[in-house]
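Colleague: I've got a model open and I'd like to learn how to read it. Could you walk me through it?

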Amino acid sequence: MASETRGRRSKVDLLPDPIRKKLDAGLRNGSIQQIDLLDEINALIKAAGLPEENQLSRAGINRYATKMEAVGKSLREMREITQVWTAELGDKPTGEVTKLILEMARSQLFKALLNESETGEGADVGMIKDAMLAVQRLESAAMASHKREKEIRTAFAAEAANAAEKVAKTAGLTSDAVALLKREILGIA
């Protein structure tokens, strides 16, 4: 999250990764008040031997928390929309769900590029690339799962057909009746 302060990175952006992760976790958790989190983060900054000017202010942590909440809200909304649509498309072929996910990814990419042009902030191309790679992997996994499910159904139908044939012959049905039973009910010729 780059700050809009005369081209400089914000103090939060300059924090070492372990301290920034602690800050992010504290903000996500929400069980600790910002002032307490600020004191904890500033203590970590001091313990890390960083200069005093690297300490965060109340306004700085509040700006960062506001940005984080905006991103979190956007992710929560996208997750809710995805759940609604995947529930709607749940019994549809895997390709339909994938098309929806790809369309959402395109939409987010468009928003990121639009934001970049309006604010001058760079789009996180790495994140977009990772997201598209994840979609590709999801599609591959979904296709493998679909193939496996189809194999299981075929094996089950064959077992059911064999069992039905035995029962039908024991009950005195003709070979034609057994074939009709297998074809019409079990879908096996």
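Colleague: Then how far do I trust the coordinates, and what is the mean pLDDT of the chain?

Modeller: The general idea: where pLDDT is low, the predicted coordinates should not be read in detail. Here the chain averages 77, with 74% of its residues at 70 or more. Among the elements, α3 has the highest mean, 92, while helix α5 (residues 94-119) has the lowest, 65.

Colleague: Okay. How many helices and strands are there in the chain?

Modeller: Seven helices and zero strands. Of the 189 residues, 19% are buried. The chain exposes about 13900 Å², and carbon and sulfur atoms supply 57% of that.

Colleague: Which residues make up the largest nonpolar core?

Modeller: In soluble globular proteins, nonpolar side chains tend to be buried together. In this chain the largest such core has eleven residues: V12, L15, I19, L23, L37, L38, I41, I45, L56, I61 and Y64. The elements giving two or more residues to this core are α2 (17-29), α3 (34-47) and α4 (58-88). The largest share, four residues, comes from α3.

Colleague: Say I click on L23. What is L23 in contact with, leaving aside neighbours within four places in sequence?

Modeller: With that exclusion, L23 touches V12, L15, L37, I41, L56, I61 and Y64. Each of those partners is on the list of core residues as well.

Colleague: And N42, is that residue buried or exposed?

Modeller: The cut-off for buried is under 20% relative accessible area. N42 has 11%, so N42 counts as buried. This residue lies in helix α3, and its contacts beyond four places in sequence are Q55 and L56.

Colleague: Now α2. How many Å should its 13 residues span?

Modeller: The check is to set the expected length against the distance between the end C-alpha atoms. At 1.5 Å a residue, α2 should span 18 Å, and its end C-alpha atoms are 18 Å apart, which agrees.

Colleague: Which residues of α2 are buried, then?

Modeller: I19, R20, L23, D24 and G26. Looking down the axis of α2, these buried residues fall within an arc of 160 degrees, so they line one face of the helix. On the other side, D17, P18, K21, R28 and N29 are exposed.

Colleague: What follows α2?

Modeller: G30, with a positive phi near 75 degrees.

How values were computed
Residues numbered from 1 in each chain as written. Predicted model: local features only at pLDDT ≥ 70, side-chain atom pairs only at ≥ 80, totals over all residues. Heavy atoms only, no water. Core = buried A, V, L, I, M, F, W, Y, C linked by side-chain atoms within 4.5 Å. Buried < 20%, exposed > 50% of the residue type's maximum accessible area, 1.4 Å probe, protein only. Contact = heavy atoms within 4.5 Å. Areas by Shrake-Rupley, 256 points an atom, 1.4 Å probe, with all protein chains shown as cover. pLDDT = per-residue confidence, 0-100. Expected span 1.5 Å × (residues − 1). Arc of directions from axis to C-beta.
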